[in-house]
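Student: I am new to this structure. Can we go through the terms used for it, one by one?

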Number of protein chains: 2
Amino acid sequence: MSEAVTPRSQDYSAWYIEVIQRAQLVDYGPVKGTMVIRPYGYAIWEHIQAQLDRRFKATGHENAYFPMFIPYSFLQKEAEHVEGFSPELALVTHAGGKKLEEPLVVRPTSETIINHMYAQWVKSYRDLPILINQWANVVRWELRTRPFLRTTEFLWQEGHTAHATAAEAEEETLKMLGVYTDFAMNEAAIPVIPGRKSNIEKFAGAVRSYTIEAMMGDGKALQSGTSHNLGQNFARAFETRFQSEKGEVEYVWQTSWGVSTRMVGGVIMTHGDDKGLVLPPRLAPTQVIIVPIWNKDEDKPPVKEKVAQVEAILRDAGIRVKADLSEQETAGWKFNEWEMRGVPLRIEIGPKDVAKDAVVFARRDKPGKEGKQFGIPTAEVGVQARAWLDDIQAAMLQRAIEFRDANIVDVTSPEAFRETIAAGKWARAWWAGTDEQERALKEETGATIRCFPMEQPGGTGTCFLTGGEAKEVALFARAY
Amino acid sequence: MSEAVTPRSQDYSAWYIEVIQRAQLVDYGPVKGTMVIRPYGYAIWEHIQAQLDRRFKATGHENAYFPMFIPYSFLQKEAEHVEGFSPELALVTHAGGKKLEEPLVVRPTSETIINHMYAQWVKSYRDLPILINQWANVVRWELRTRPFLRTTEFLWQEGHTAHATAAEAEEETLKMLGVYTDFAMNEAAIPVIPGRKSNIEKFAGAVRSYTIEAMMGDGKALQSGTSHNLGQNFARAFETRFQSEKGEVEYVWQTSWGVSTRMVGGVIMTHGDDKGLVLPPRLAPTQVIIVPIWNKDEDKPPVKEKVAQVEAILRDAGIRVKADLSEQETAGWKFNEWEMRGVPLRIEIGPKDVAKDAVVFARRDKPGKEGKQFGIPTAEVGVQARAWLDDIQAAMLQRAIEFRDANIVDVTSPEAFRETIAAGKWARAWWAGTDEQERALKEETGATIRCFPMEQPGGTGTCFLTGGEAKEVALFARAY
């Protein structure tokens with residue numbers, strides 16, 4: 001585990017796979033395309049869950065759980081939906097020793113079964129809005145898979161809301177896009193760009209889809225969360241109706257929104273370096289690792305005592321801390337190991353530090369001397385660690401913003417577009433093309449419209465491709 | 001929703017189904033035997049999860065996630081295991097538009113797939129113990145289902161550990177039995193009886209199974225959690241081996257243990273009464289409901305102001321509080337509604353209370369005047385509410401203990417046994433019967449050995465059935 005990984009510049013894919021295995025985040029399951037999320041990887045997901053769940057509840061949502069098995073006929077009720085998902089479905093055909101009368105779909109997403117229930121729960125405008133979220137596993141049978149990014153089974157949350165008016169549904173859709181953006185920026189230190197999906201990239205069954213798009217270390221885009229305005233599409237398919245305040249029977253207006261274990265992949269590929277993972281302190285399972293240093297046996301007791309003291313101080317300060325007291329490995333081996341695992345802050349304690357009643361801090365995000373400070377007094381360890389972790393979190397976000405902005409190019413011609421995409425960067429351009437032209441562009445360059453960013457220059461411009469008048473700027477990139 | 005439910009004494013099953021629907025804990029899913037866990041029911045589960053998870057982590061366990069789809073051949077590797085589970089399996093035969101080469105089992109439990117992974121992870125004694133837990137959904141295709149108690153899909157946690165010695169595995173099995181017992185007593189106020197399962201009742205693939213058995217309001221037993229010593233059964237089937245400290249290659253020793261959404265059913269049936277749910281404060285989604293009382297419009301502003309003040313005090317005190325300010329319903333209707341939902345403590349605030357700068361407390365577990373106190377000063381509301389909630393929690397446990405102990409009968413003859421079981425009680429008796437005699441007893445009386453309680457009288461006694469010398473006392477009851 002102390003061996004180096006393939007450098008990112010040499011083979012980004014190999015780097016990714018090696019890092020997630022070396023850091024023991026995941027392993028491959030026995031069924032093709034499945035992954036086992038190991039404790040260290042799952043702990044990152046638990047922090048993602050906690051931070052999202054807190055935000056969902058603060059915005060008035062409640063959790064619930066709907067069955068994973070959906071009658072196949074439910075999916076057929078919404079035409080776009082079944083067309084979008086049917087190639088990826090897993091079907092249960094036998095259960096309890098018998099062939100089932102109707103095959104059951106293992107949920108790829110839950111709009112259909114949830115509408116089936118909402119149709120029974122909603123009678124009057126007084127029953128609205130319904131603001132429900134579900135934490136669950138879902139299955140999408142994909143041909144090309146990659147741990148965290150695309151697996152046949154993955155974990156996610158899916159919010160499903162129903163409202164009395166179109167305006168409320170759009171407001172909810174954008175509110176949750178805002179929650180996702182806030183989470184990504186402030187917890188994951190991923191400077192996502194929120195925006196609207198193009199018509200051909202939207203969710204199967206949605207009226208409008210919004211997304212947060214993140215730039216990975218190789219310049220590719222990762223769709224990291226989506227929020228959909230479903231309009232009345234599913235409500236019509238499932239007869240989800242209510243009596244309005246005026247006494248009229250109307251279809252409800254709905255939204256759905258989700259973030260998945262893919263976010264773990266986003267964290268890895270936004271921040272990781274050639275030494276391995278670099279975890280943002282707010283999501284790191286271990287925020288501080290204490291590594292004792294000793295050469296002689298007589299050094300061990302006083303060093304261990306100091307380690308225990310510092311560990312207790314940090315724990316009392318609410319910091320997630322571990323001490324690596326293993327005697328089988330050298331301090332150097334431990335440095336590499338915990339760097340591979342991306343622990344944000346390392347504290348080194350040797351006999352000289354004990355003598356000075358001080359410790360050494362070394363931050364993961366800045367290698368070598370630049371990130372190291374000697375002689376931090378024991379008495380200040382709690383306050384200093386907190387300050388360093390906050391600074392690391394902020395610096396990681398700042399670095400990712402700079403990387404992102406340095407790799408987005410404003411283009412105004414097809415040539416510049418091709419060059420930008422070929423160079424692995426994102427192209428930002430006025431766009432007035434058709435769905436067909438968008439598809440052709442993807443065919444030719446591999447780039448898709450990641451989104452029409454919420455932040456627009458305003459006014460109109462000239463479409464880089466067609467030369468027509470464009471009302472919006474789009475972001476194009478190759479994506480995971 | 002303010003209508004009364006069928007009294008428990010009249011039809012316990014009807015009472016249960018009516019209460020869980022009226023209190024909006026669950027609804028039926030579209031596929032037979034599935035349930036939708038609605039927000040109020042799911043919130044109880046979230047508190048169960050939080051309290052268990054805290055205990056798992058405090059005892060050194062980490063969470064992880066293993067794929068839900070298991071190759072069918074895996075189950076066949078452990079003979080007892082496949083025999084026990086095959087009648088209940090759901091099979092995925094098609095995925096991604098194609099027939100699969102081998103059908104996939106939707107996990108009924110995860111010993112097999114986890115052993116497949118552990119076999120790859122464990123090399124040396126230094127890799128042991130592995131202490132992993134998983135929160136997941138599982139599927140068992142049951143013919144007779146009942147919400148929470150037995151559903152085709154349910155939520156649970158399953159712990160899976162691997163150890164270097166048989167003694168360590170047994171120690172772990174008993175430790176987790178202790179964790180479950182502690183949780184049930186101190187969080188759910190359910191006075192479970194921990195014990196060992198009989199040979200014919202043990203988990204398919206286990207060497208020894210332990211259980212916590214709870215007595216429901218109708219006298220039936222509910223197996224509420226189990227902890228299994230798996231010995232080396234799965235290790236042999238999956239070649240899960242390690243090199244011991246002495247350099248020998250040995251099979252690991254394993255345990256597994258689980259608690260499911262069935263626990264929610266246990267809470268309902270242990271504490272509920274003819275007015276509906278009675279929730280233990282430590283698991284109640286809402287611990288205190290504030291109901292304002294007004295007759296005239298001019299009363300509303302001062303009452304609402306006081307409600308807001310009391311709500312803020314309680315929230316600051318860390319109490320889960322809600323105020324029911326709806327103007328469409330009467331105070332009386334609200335009393336019934338929140339009693340149905342089992343909220344442990346109600347605070348009433350009317351104009352007279354405002355004038356006295358005081359409030360009224362009414363506890364859910366004691367009906368009428370006995371549970372009501374007038375004139376509690378606003379300034380004391382936080383401290384008093386905390387004290388009342390603690391007292392309610394303790395009183396609920398105490399009442400359940402008394403009910404349990406009043407319904408366990410020591411029997412020494414087959415006649416007394418039959419009478420006890422026929423009366424809906426539990427029989428405690430010395431037992432030296434065979435598996436066959438145990439099966440015959442079940443056939444005749446409907447009662448099974450729930451467990452051999454951990455607490456034994458010691459010495460030996462005379463088997464109530466065979467008259468032979470018995471080394472242990474067993475608990476018999478009809479069960480859910």
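Tutor: Start with a crossing: α9(A) passes α12(A) in a right-handed crossing. The model is predicted, so local features need pLDDT of at least 70 and side-chain atom pairs count only at pLDDT 80 or more, while totals for chains, interfaces and linings use all residues. Residues are numbered from 1 along each chain as its sequence is written, and chains are lettered from A and ligands numbered from 1 in the order in which they are written.

Student: Why is α9(A) called oblique to α12(A)?

Tutor: Helix α9 (residues 300-316) of chain A and helix α12 (residues 381-406) of chain A pack at an angle of about 60°. Angles under 35 degrees count as roughly parallel, over 145 as roughly antiparallel, 65 to 115 as roughly perpendicular and the rest as oblique. Therefore α9(A) is oblique to α12(A).

Student: Why are α2(B) and α8(B) called roughly perpendicular?

Tutor: Helix α2 (residues 39-58) of chain B and helix α8 (residues 262-271) of chain B pack at an angle of about 105°, with their axes 10 Å apart. α2(B) and α8(B) are therefore roughly perpendicular to each other.

Student: How do you know that strand β5 of chain A pairs with β5(B)?

Tutor: Two strands pair if DSSP finds at least two bridges between them. Five bridges join strand β5 (residues 90-95) of chain A to β5(B), and the strands run antiparallel. H94(A) has L91(B) as its bridge partner in β5(B).

Key:
Helix = DSSP H or I, 4+ residues; strand = E, 2+ residues; numbered from the N terminus. Axes fitted to C-alpha atoms, helices over the stretch in contact; angles between N-to-C directions. Left-handed = near helix turned anticlockwise from the far one by under 90°.
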